[in-house]
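Good morning, and thank you for joining.

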Amino acid sequence: MLIKGNCHCGNIAFELEWEGDPVEIPARACDCSFCVKHGGVWTSNPSSRLAVAIRDTKLVSKYSFGTGTATFHICSRCGAVPLVTSEIANHLYAVVNVNVFENVDQSLLRHATATFEGEDIEARLTRRSRNWIAHVRIAEGGA
Ligand SMILES: [Zn+2]
């Protein structure tokens, strides 16, 4: 299925090609200090493909903390956080926020909590390179 998502004002939009017709989509409420404050609930699928379109890059705030290995892409106009990226060995991985989905029936979302506290950097990057979306394209400008 083709999942469409965007921030509230539409500055950051994405299309996520999810193989087949999923009967459920994992939705992980992360308990890190950032996601608790923002209510971030993330999903990914290593075989899916993500195309991100950013209209005005000046209105995107990129934020990292802690290990500095993940970048939160925050729309500075409307405050939504549609995606997180992580560059591992020169390859860009991403997860997307199910709260910005536009065309997904809520009943498809399998909500769970996630704790990555105590994970060392190596384990963290290995997990991301295994589970995060591995095909990520970000187009800037236009529209
Ligand atoms: Zn926005």
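Predicted model: local features only at pLDDT ≥ 70, side-chain atom pairs only at ≥ 80, totals over all residues.

**Strand pairing, core and cysteines**

The strands β2 and β5 are paired in the antiparallel sense, over six bridges.

These two strands belong to an open sheet of four strands, ordered β1-β2-β5-β11, in which the pairing is mixed. At the edges stand β1 (2-6) and β11 (135-140); each has a single partner strand, so one side of each is left without a neighbour in the sheet. On average, neighbouring strands here are turned by 15 degrees against each other, direction ignored.

Which residues have the most contacts inside the largest nonpolar core? They are I12, F14, L16, L50, V96 and F101, in a core of 26 residues. At least two residues of this core come from each of β2 (12-17), β3 (25-30), β5 (49-54) and β9 (91-97). Another core, of 15 residues, lies apart from it and includes A70, F72, Y93 and V95.

Beyond its neighbours within four places in sequence, I12 contacts, among others, G5, N6, V52, A53, I54, H73 and L83.

Finally, the cysteines. The structure contains zero disulfides. C35 is in none, and the nearest cysteine sulfur, belonging to C32, is 3.7 Å away; a disulfide would require the sulfur atoms to be within 2.5 Å. Is C35 buried or exposed? C35 counts as buried, because its relative accessibility is 3%. C9, at 27% relative accessibility, counts as partly exposed.

Definitions and conventions: Residues numbered from 1 in each chain as written. Heavy atoms only, no water. Buried < 20%, exposed > 50% of the residue type's maximum accessible area, 1.4 Å probe, protein only. Core = buried A, V, L, I, M, F, W, Y, C linked by side-chain atoms within 4.5 Å. Contact = heavy atoms within 4.5 Å. Pairing = 2+ DSSP bridges. Axes fitted to C-alpha atoms, helices over the stretch in contact; angles between N-to-C directions.
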